[in-house]
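Hello,

Here is the structure I promised to pass on. My notes follow below it.

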Amino acid sequence: MRTLRPQLASLLLLGMALAQRQVTVQEGPLYRTEGSHITLWCKVSGYQGPSEQNFQWSIYLPSAPEREVQIVSTVDPSFPYAIYTQRVHGRGIYVERVQGDAVLLHITELQDRDAGEYECHTPNTDERYFGSYSAKMNLVVIPDSLRVAAVSQTLNKVEHDSLELKCEVSKSTAQHSHVSIAWYRQRGSEAPVEVISLSRDFVLRAGSAYAQRQATGDVRLDKVGETTSKLTIYNLHPSDQGEFYCEAAEWIQDPDKSWYAMTRKRSQGAIVNVQATDKEFSVRLETEKRTYIVGEPVEFRCILEAQNVPDRYFSISWAFNSSLIASLGPNAVPVLNNEFAQREALGQLKVAKESDNVFVLKIYRLRLEDSGKYNCRVTEREKTVTGDFIDKESKRPKNIPITVLPLKAGFAITAISRTPGVTYNDSFDLQCIIKPHYPSWVPVSVTWRFQPAGSTEFHDLVTFTRDGGVQWGDRYTGFRTRTAIEKAESSNNVRLSISRASDTEAGKYQCVAELWRKNYNSSWTRLADRTSNLLEIRVLRPVTKLQVSKSKRSITLVENRPIPLNCSVKSQTSPDSHFAVLWYVHKPSDADGKLILKTTHSSAFEYGTYAEEEGLRGRLQFERSASGGLFSLTVQRAEVRDSGSYYCHVEEWLLSPNHAWYKLAEEVSGRTEVTVKQPDNRLQVNQTHKNITVLENQWVTLECLVSSRTSPSSQLSVEWYVWRPGHPEKEAVARLSRQNTLRYSEMAALGGLRGRLHLESPAPGLYLLSIQNATVWDSGSYDCRVEEWLLDPSDRWYKRAEDLSGLTTLTVKQPDPTLQVDTATANLTVQEKESFLLDCSILSRSSPESHFAVTWYNVRAKEAGSHAEAEEEDEGEEEEREAVLSVGPDAIFSPEASRWEGRLRFQRLSAVLFRLTVLQAGSADTGNYSCRVEEWLADPSGRWYRLAEEESGTVAVHVQDTGSTLQSVICSNDALFYFVFFYPFPIFGILIITILLVRFKSRNSSKNSEGKNGVPLLWIKEPHLNYSPTCLEPPVLSIHPGTID
């Protein structure tokens, strides 16, 4: 796992500062070899709930990258899918919990099918979902291509010979990787000894046992081919005997830039035997010094220097002032004489074999009588066939004399400190120095005493007892967890180290030393005691390095957008600093800023009065960056009233050594001027002027087109107005509210317009007002006023803009009159007591819906004086016009005059043919009759109006008495008289003249003044019409013949 656990610990500490859950997994892609044991780490931070979080590992295979395959879980044993169940239950795959919120996934034997995208998921324990709950990384499984080979052989060498061994290492990995090579020597069950190695960075390094020989060139590692390296050892020693093998490792660099050994392999071994050639040996005696103090220990080392010592037999004897102390045979069992045997039994003396060539004599507590000369003797012995030993050569070094001095009771004690003034959380050392310097075996007890600041009493803090133990005082238990006491080996310096200093460690210190002597009967005698000087320690709070960004900035944004506010801590006193951040806003109308939000150093949230009053709680979002120095406050859905000057107030808090938080410093940031404005007015209504002319009773549609608006989510209200001719002001017609509620104006309701209005919006921004069955009263100039409403962040609607459309002038006309009545004249002669018909025929009408009023009139001549006057010229006559019958458009008849009463019969033969029958005609009924037709139409409101009127042609009716002659009938009717007696003669005359002219031209063309056949030209004189002015006699039409040549 390399350095995984320290990395995880640092990552976990960093994660504590996060404001939201975050899952982090080992960075990929990772390349690992098939068959190797791998680990993948995963951690979670920023969570709520228990400190022990659960983890679930899944994989997305390359063959199905969208399908999750569950592997293993820390909480659910049934979590793995079937393909992983056996490996999980067999511990081939398992999860190791490093900490409560960090784990390692182990795959003990990586398989090719284990390649894919791994996902680490943490089930939610938070109050709400906030953050990331899983993370993914890629694992690529590659074949294990590393090959390590060496010749398996047994080599017998002689001391000082050379040794050469070759090792072939190859790989075929497609990825970039490095290879390291190392040679080892191993004897039986002993741990392997590194000879020399070539690291992955191509650094050549020898093991500690061969470092000196590699420096002199006796040990070499050379590359002799593309894949072959050669180990060479010159000047072999007997200690080089053993099995030599090479080991290679293939390394790959992970995305985090660290190197990982994907696989390691060793070659077969070569057995090397080295025969020693030298049987000589030498002996030397060593000790640390020559002068000692009573009670001090002494150690003598007798060192044997020979070749192939393990295969030879040596015995050793120790002597003091030429007297035997002890001896050791080849079996290394010590034999001591009587006096030293007693001291050995009391643990005051030791004789032992430290190694094959080192023998030790140690006296733990020297006495005055131990002064003298010490020596050792080494004898080589040879083992016979019977198993007995025969002494051969014997050697001893020079004597080593030592002097044992008595212990002096006079001493002085001094308390010193290099840091009388320390800062919170710093460490400081107090030293109690004793002079002269006593060796460590001298029983000296040292007690540190402490007087807290503001107190007058000293209390024992800690005692370094005479037997080397540590005894703590029960008054200041807090010192024990943060204090270390150390006694130098010489016993002259007792160091008191206090870490994470706080106010409770401030005060005066002194040390008390007592010198003791242990008697032979194990009793103790205090020889002397001393008290040091007072040492005052002041503990200061750290000097703050807090700096908050003072930069100023201005933000202008549209409402409903977020307001980003940043508070940047540029420098802090300690990496462990926590910050409380108070956010304020200052309005021009306020004297001081108002608190919006406070986040304490423990990441608790407190809303300020401004947030409560303005309803900001639901719109605030606070974030803290992973690095811990940047705090962000976002005001969501900004309102215009949120404009103001924003700033943050930062408090730096540190944790005292007593695990209590204290505020070290505070600083205010620069201000951010925020201006929140309403969206720019983009409302535009089509300003085009239009003229529309329609006939009454037709539909007309008025258009109101919104060409652009401020926001697609805005709501529009549309109100229509009309200027009527003759009205000084415009009047409202109808209003469509933003909730699509249609309301009619009072004018529309009273004028009957309400039931004829229809409003629709076939497309966004297009509003059509239709007027059904338009009337003349609907004429006028129409326009629409559009209001745009926006939703502010508080979910309140406000009017942002309004605009007027162009005028649409509407002209509603009545239909053009096309009424035509038959104007042909007629003459009608009837006998008395007969009936006559008067038809009134309408040739065309303006509308199929027209109704007609018909009135028949009688126009007759009336004598204005005596009979003499009646014989005068026509200018003396008057016409009398009398209404015979009137039928209204509603088919209501007018009252009949008395002389017509009972003699009239009305018939409507068709929609355009009316007939009046006059019964029992009398002479008084003689006269000219005509009918007058009035055409009536109903407007859309149901009111009838007269559109047109026409008069028909006259019908001359002559009622004859029963005895009347043809002459009297003709004479009684002027029109008939002229038609019978006058009009035919001019017509015949013209016809005869035409014939004569044709004939005349024909004669001229034949150049003969006479007619072609001798017939002369004819002419006719103008006929003369004679008629009696009294019409008593029929007119005489005479044609006078001309002369015929």
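**Disulfides and what else turned up**

Cys302 and Cys376 form a disulfide, with their sulfur atoms 2.2 Å apart. A disulfide here is a pair of cysteine sulfur atoms within 2.5 Å.

Before the rest, the ground rules. This is a predicted model, where local features need pLDDT of at least 70 and side-chain atom pairs count only at pLDDT 80 or more, while totals for chains, interfaces and linings use all residues. Residues are numbered from 1 along each chain as its sequence is written, and side-chain values use heavy atoms, with hydrogens and water left out.

Back to Cys302 and Cys376. The link is right-handed, with 75° about the S-S bond. The pair joins distant parts of the chain: Cys302 sits in strand β23 (residues 298-306) and Cys376 in strand β29 (residues 372-383), 74 residues apart. Strands (E, at least two residues) are DSSP runs, numbered from the N terminus, as are helices (H or I, at least four). Cys302 is buried, at 0% relative accessible area. Cys376 also counts as buried, at 2%. Buried means under 20% relative accessible area, exposed means over 50%, and partly exposed lies in between (1.4 Å probe, protein chains only).

How many disulfides does a search of the whole structure find? The search gives seven. Two others are worth a look.

- Cys167 and Cys246: the sulfur atoms are 1.9 Å apart. The torsion about the S-S bond is about 50°, so this disulfide is right-handed. Cys167 is in strand β12 (residues 163-170) and Cys246 in strand β18 (residues 242-253), 79 residues apart. Cys167 is buried, at 0%. Cys246 is buried, at 0%.
- Cys840 and Cys931: the S to S distance is 2.0 Å. The S-S torsion is about 80°, so this disulfide is right-handed. Cys840 lies in strand β67 (residues 836-844) and Cys931 in strand β72 (residues 927-938), so the pair ties together parts 91 residues apart in sequence. Cys840 is buried, at 0%. Cys931 is buried, at 1%.

**A four-stranded sheet**

Next, an open sheet. Its four strands run in the order β43-β45-β50-β49, with antiparallel pairing. The edge strands are β43 (547-548) and β49 (620-624), and each pairs on one side only. Two strands pair if DSSP finds at least two bridges between them. β49 and β50 (residues 630-635) pair in the antiparallel sense over five bridges. Where does Leu620 find its bridge partner in β50? The partner is Val635.

**Cavities**

There are three cavities of 30 Å³ or more. On a 1 Å grid over the protein atoms alone, a cavity is a set of points where a 1.4 Å probe fits but cannot get out, and lining residues have an atom within 4 Å of a point. Grid points are joined across faces, edges and corners, and a volume is the space filled by probe spheres set on the points.

The largest cavity has a volume of about 70 Å³. Its lining is Asn686, Thr688, Lys690, Glu703, Cys704, Leu705, Ser805, Gly806 and Thr808. Strand β56 (residues 700-708) gives the most, with three residues. By class, the lining has two nonpolar, five polar and two charged residues. Ala, Val, Leu, Ile, Met, Phe, Trp, Tyr, Cys and Pro count as nonpolar, Asp, Glu, Lys and Arg as charged, and the others, Gly among them, as polar.

**Aromatic pairs**

The structure holds 19 aromatic pairs. One of them is Tyr584 and Tyr647, stacked at 5.5 Å centre to centre with 15° between the planes. Rings of Phe, Tyr and Trp (its six-membered ring) pair if their centres lie within 6.5 Å; planes under 30 degrees apart count as stacked, over 60 as edge-to-face and the rest as tilted. Tyr584 lies in strand β46 (residues 578-586) and Tyr647 in strand β51 (residues 644-655), so the pair ties together parts 63 residues apart in sequence. Tyr647 is buried, at 12%.

The ring centres of Phe893 and Phe906 are 5.3 Å apart and their planes are at 80°, so this pair is edge-to-face. Phe893 is in the loop between β69 (878-887) and β70 (904-910), and Phe906 is in strand β70. Phe893 is partly exposed, at 43%. Phe906 is partly exposed as well, at 24%. Ring pairs link Phe852, Trp856, Phe893, Phe906 and Phe914 into a cluster.

Best wishes

Conventions: On a 1 Å grid over the protein atoms alone, a cavity is a set of points where a 1.4 Å probe fits but cannot get out, and a pocket is an open set with protein on both sides within 12 Å along at least five of seven lines; lining residues have an atom within 4 Å of a point.
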